Amino acid sequence: MRRVAERLRRDGQGIGFVPTMGYLHEGHLALVRAARRENDTVVVSIFVNPSQFGPDEDYRRYPRDFKRDRSLLEAQKADYLFAPSVKTMYPEGFQTGVRVEKLSGPLCGVSRPVHFGGVATVVAKLLNLVAPDRVYLGQKDYQQFKVVERMVRDLDFPVEARRVATVREKDGLAMSSRNVYLSAEERRQAPALYRALCRAVALIRSGERHAGKVRQALVQGARSAPRARVDYAEIVDAGTLEPVVKLKKGRTLLAALAVFFGETRLIDNCLVKVP
Ligand code: AMP
């Protein structure tokens with residue numbers, strides 16, 4: 001990968017990079033298409049990164065389908081697929097980590113304390129190997145985007161982090177590789193997340209200025225799905241991810257949800273500027 005990247009750079013090719021864990025869907029492909037539009041060469045990585053999973057999480061059973069992924073990427077005219085092994089990325093003796101302090105703490109950081117350290121470390125490694133001009137990340141994982149955006153600034157990676165809008169199923173459910181875990185009944189209930197987020201955004205747009213009330217609506221909306229167990233429902237500042245109390249005019253907020261259906265944990269979010 002490094003040799004390829006060096007040659008591309010020598011040839012003056014602008015490189016767009018899309019890091020993924022595979023089991024690709026239209027959300028991933030939207031990132032690939034954005035990279036395709038804005039760069040000469042598109043590199044996609046598939047690496048199910050063990051260091052971003054907690055001990056009780058789904059690393060082992062995370063869905064994988066390399067052949068299908070490869071043909072989807074060929075259809076999108078991606079140029080390179082980089083799929084390193086765990087041994088390549090974490091050889092014996094590996095012991096370095098990147099931590100983005102404050103942004104990794106709230107929201108998903110509460111129930112997944114090792115997650116963003118694993119993400120930041122693997123993305124740093126991938127950026128060093130691929131040496132892209134732009135890296136493409138989805139809004140669905142907004143906190144991940146903020147962590148990577150901060151890391152590239154703080155560590156002077158010569159790369160621009162680009163955020164791509166969340167791609168949804170027709171009924172509003174955010175596309176995710178983990179949606180395959182859902183039972184038919186859970187799948188029917190899962191659009192409650194997005195409906196709850198839309199309701200929260202509508203409340204803010206129609207003049208509600210107490211974060212507590214908006215948050216309450218978010219929780220209630222998520223609970224309208226009988227099988228849902230809310231992990232968090234928060235209204236935070238979109239820049240710092242810190243909780244907000246008063247919804248001041250002009251501020252951009254993130255309404256964010258994480259909900260368990262059985263063992264399956266789904267996340268979603270919406271951005272809203274207080275009018
Ligand atoms: P993952 O394979 O789940 O690690 O995701 C790889 C990249 O795809 C991340 O930047 C995600 O934010 C992005 N992504 C995943 N699902 C979606 C979606 N529904 N819409 C947009 N981007 C997504």
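Predicted model: local features only at pLDDT ≥ 70, side-chain atom pairs only at ≥ 80, totals over all residues.
1. Numbering runs from 1 along each chain as its sequence is written, and side-chain values use heavy atoms, without hydrogens and water.

2. An N or O backbone atom of Gly138 lies 3.0 Å from an oxygen atom of the ligand, and one of Met175 lies 2.9 Å from a ligand nitrogen atom. The protein buries 94% of the 480 Å² that the ligand exposes when taken alone (Shrake-Rupley accessible area, 1.4 Å probe).

3. Who surrounds the ligand? There are 17 residues around it, with Met21, His28, Asp141, Val167 and Met175 coming nearest (near means a heavy atom within 4 Å). By class, this shell has 8 nonpolar, 7 polar and 2 charged residues, with Gly counted as polar and Met as nonpolar.

4. Helix 2 gives the largest share of the shell, 3 residues (helices are DSSP runs of H or I, at least four residues).

5. Do look at the second largest pocket as well, with about 170 Å³ of space. Among its 15 lining residues, Met21, Ile46, Phe47, Val48 and Arg64 are the closest to its centre. The lining has 11 nonpolar, 1 polar and 3 charged residues. A pocket here is an open set of points on a 1 Å grid over the protein atoms alone, where a 1.4 Å probe fits, with protein on both sides within 12 Å along at least five of seven lines; lining residues have an atom within 4 Å of a point.

Methods:
Points joined across faces, edges and corners; volume = space filled by probe spheres on them. Polar contact = N/O pair within 3.5 Å; in protein donor to acceptor, adjacent residues only side chain to side chain. Helix = DSSP H or I, 4+ residues; strand = E, 2+ residues; numbered from the N terminus.
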